[in-house]
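User: I would like to go through this model with you, one question at a time. Please give the cut-offs as you use them.

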Amino acid sequence: MKIICVGRNYAAHIEELANEKPTDPVLFLKPDTAILLKKNPFLIPDFSSQVHHEVEVLVKIKKIGKHIDRKFAPGYYDEIGLGIDFTARDLQQQLKEKGLPWEKAKAFDGAAVVGNFIPKKELGDVDNIPFRLEKNGEIVQEATTQLMLWKIDELIEYVSKYFTLKIGDIIFTGTPAGVGAVAPNDVLEGFLENRPMFSIKVK
Ligand code: ZN
């Protein structure tokens, strides 16, 4: 399986990092080795002194597809989840300045938290799902999918122009504002519509 991540999909997050607003979604990949194993803590890697949490809504693909029109996109996923796109921000900044790919900053081991998934039929409108991240019991990121610049079905259309989507692939749909650094002993808890989706300890 592969993980396809979307960058710069929430206006307020683009502003907080002083990035340019893209004319198309920004895409990058994470390998399956980036997935943090269930129950394991997140270990801050020694090559970064500024790892940021990015809470993101996840879409699990259930059917193989290429060049999927947005109006058929709902037939390609039944489950929505929540996760974290851990980002070595200091390293990413260096790579961005040199115009280099971001993989070292975003695709390292443990950099993808994949929490629980729930059937989309239990969620109502997928384009208006509230979600949040709490760090040590305090809300640090909070948004709804309504704030996405490109909604889930548009993302599936766009992503599948470039990459064949296969069963089990996961799309990370971008992070809202409020990203910040994690420190040892932090506890990160994600909620989708008040349902607990993951709990991660940082070491
Ligand atoms: Zn992200």
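User: How are the donor residues of the zinc ion spaced in sequence?

Analyst: This is a predicted model, in which local features need pLDDT of at least 70 and side-chain atom pairs count only at pLDDT 80 or more, while totals for chains, interfaces and linings use all residues. Residues are numbered from 1 along each chain as its sequence is written, and side-chain values use heavy atoms, with hydrogens and water left out. The zinc ion is coordinated by E54 (OE), E56 (OE) and D85 (OD) at 1.9 to 2.1 Å, where donors are N, O and S atoms within 2.8 Å of the metal (3.2 Å for Na, K and Ca), and sites may look incomplete because water is not among the atoms. The spacing of these donor residues is E-x1-E-x28-D.

User: Is E54 buried or exposed?

Analyst: Buried means under 20% relative accessible area and exposed over 50%, with partly exposed in between (1.4 Å probe, protein chains only). By this criterion E56 is buried, and E54 is likewise buried.

User: Which strands stand at the edges of the open sheet of six strands?

Analyst: Strands are DSSP runs (E, at least two residues), numbered from the N terminus, and two of them pair if DSSP finds at least two bridges between them. The order is β2-β1-β10-β4-β5-β7, with mixed pairing. Each edge strand has a single partner, so one side of each lacks a neighbour in the sheet; these strands are β2 (26-30) and β7 (112-119).

User: Which residue of β10 stands opposite K60?

Analyst: Strand β4 (residues 55-61) pairs with β10 (residues 170-172) in the antiparallel sense, over three bridges. Opposite K60 stands I170.

Methods
Helix = DSSP H or I, 4+ residues; strand = E, 2+ residues; numbered from the N terminus.
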